[in-house]
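I opened my notebook today to look up a few things in a structure. Here is the picture I worked from.

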Amino acid sequence: HPWLGKGLITNHGPDWLRKRKMLTPAFHFDSIKSFFPAFVSSTSRLIQLWEAQIDSDTKQCTVDVQHYMKMLSLDNIGHTAFGQDFNAVSGAGSDLLTATEGIANTSLQ
């Protein structure tokens with residue numbers, strides 16, 4: 001897909017290797033370690049949401065895990081890459097999710 005350009009996803013060979021080496025420091029353990037508080041915060045909000053859905057009689061609930069993992073990923077990316085709270089887990093980021101899914105579906109066609 002031309003709109004993706006020649007980044008890590010679509011590139012290969014020496015150009016891909018050069019770009020990958022540029023990104024490697026961002027994924028070093030010390031860099032990722034600083035993301036931990038954001039991951040904990042987003043995950044805690046998700047757990048609270050799931051706990052609120054538990055039926056008081058049966059002590060059970062049904063959860064669309066794939067949906068919520070997308071939301072959690074968006075919130076984590078928002079915090080760590082953009083310094084913004086996308087509020088995707090809470091449902092407030094539904095426009096962002098719709099746009100993201102549209103892009104993903106287009107790229108898979």
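My entries follow, grouped by topic.

**Entry 1: the kind of model**

I noted at the start that this is a predicted model.

I began with helix 3 (residues 36-52) and helix 4 (residues 65-82), whose axes come within 9 Å and cross at roughly 150°. Angles over 145 degrees count as roughly antiparallel, so helix 3 is roughly antiparallel to helix 4. I also looked up the handedness, and the crossing of helix 3 with helix 4 is right-handed.

Which residues make the contact between helix 3 and helix 4? From helix 3 I listed Ala38, Phe39, Ser42, Thr43, Arg45, Leu46, Leu49 and Trp50. From helix 4 I listed Tyr68, Met69, Leu72, Asp75, Asn76, His79 and Thr80. Sorted by type, the residues of this contact are eight nonpolar, five polar and two charged.

Next I searched the whole structure for salt bridges, and the search gave five. One of them pairs Asp75 with Arg45, with 3.9 Å between the closest N and O atoms. Asp75 belongs to helix 4 and Arg45 to helix 3, so this pair ties together parts that are 30 residues apart in sequence.

Is Asp75 buried or exposed? Its relative accessibility is 0%, so I put Asp75 down as buried. Arg45 has a relative accessible area of 26%, so I put Arg45 down as partly exposed.

**Entry 4**

I then turned to helix 1 (residues 13-23). Here the side chains of Asp15 and Lys19 meet in a salt bridge, at 3.3 Å from N to O. Asp15 and Lys19 are four residues apart in helix 1, which means that about one helical turn separates them. Asp15 has 27% relative accessibility, so I marked Asp15 as partly exposed. I also found that salt bridges with shared partners join Asp15, Arg18 and Lys19 into one network.

Helix 2 (residues 29-33) was my next stop. In this helix Asp30 and Lys33 are three residues apart, so about one helical turn lies between them. They form a salt bridge, with the closest N and O atoms 3.5 Å apart. How exposed are they? Asp30 is partly exposed, at 46% relative accessibility. Lys33 is partly exposed too, at 46%.

**Entry 2: positive phi values in the loops**

My last look was at backbone angles. As a reminder to myself, most residues other than glycine have a negative phi. That made me curious about two residues.

What is the phi of Lys59? I read a value near 60°, which is positive, in a residue other than glycine. Lys59 sits in the loop between helix 3 and helix 4. With a relative accessible area of 62%, Lys59 is exposed.

Where does Asn87 lie? I found Asn87 in the loop between helix 4 and helix 5 (94-108). Asn87 is not a glycine either, and its phi is positive, at about 55°. With a relative accessible area of 28%, Asn87 is partly exposed.

I would come back to helix 3 and helix 4 for a second look. The loop between helix 3 and helix 4 holds Lys59, with its positive phi.

Note on methods. Residues are numbered from 1 along each chain as its sequence is written. This is a predicted model: local features need pLDDT of at least 70, side-chain atom pairs count only at pLDDT 80 or more; totals for chains, interfaces and linings use all residues. Side-chain values use heavy atoms; hydrogens and water are left out. Axes are lines fitted to C-alpha atoms, for helices over the stretch in contact, and angles run from 0 to 180 degrees between N-to-C directions. Helices (H or I, at least four residues) and strands (E, at least two) are DSSP runs, numbered from the N terminus. Angles under 35 degrees count as roughly parallel, over 145 as roughly antiparallel, 65 to 115 as roughly perpendicular and the rest as oblique. A crossing is left-handed if the near helix is turned anticlockwise from the far one by less than a right angle, and right-handed if clockwise. Contact means heavy atoms within 4.5 Å. Ala, Val, Leu, Ile, Met, Phe, Trp, Tyr, Cys and Pro count as nonpolar, Asp, Glu, Lys and Arg as charged, and the others, Gly among them, as polar. A salt bridge is a side-chain nitrogen of Lys or Arg within 4 Å of a carboxyl oxygen of Asp or Glu. Buried means under 20% relative accessible area, exposed over 50%, partly exposed in between (1.4 Å probe, protein chains only).
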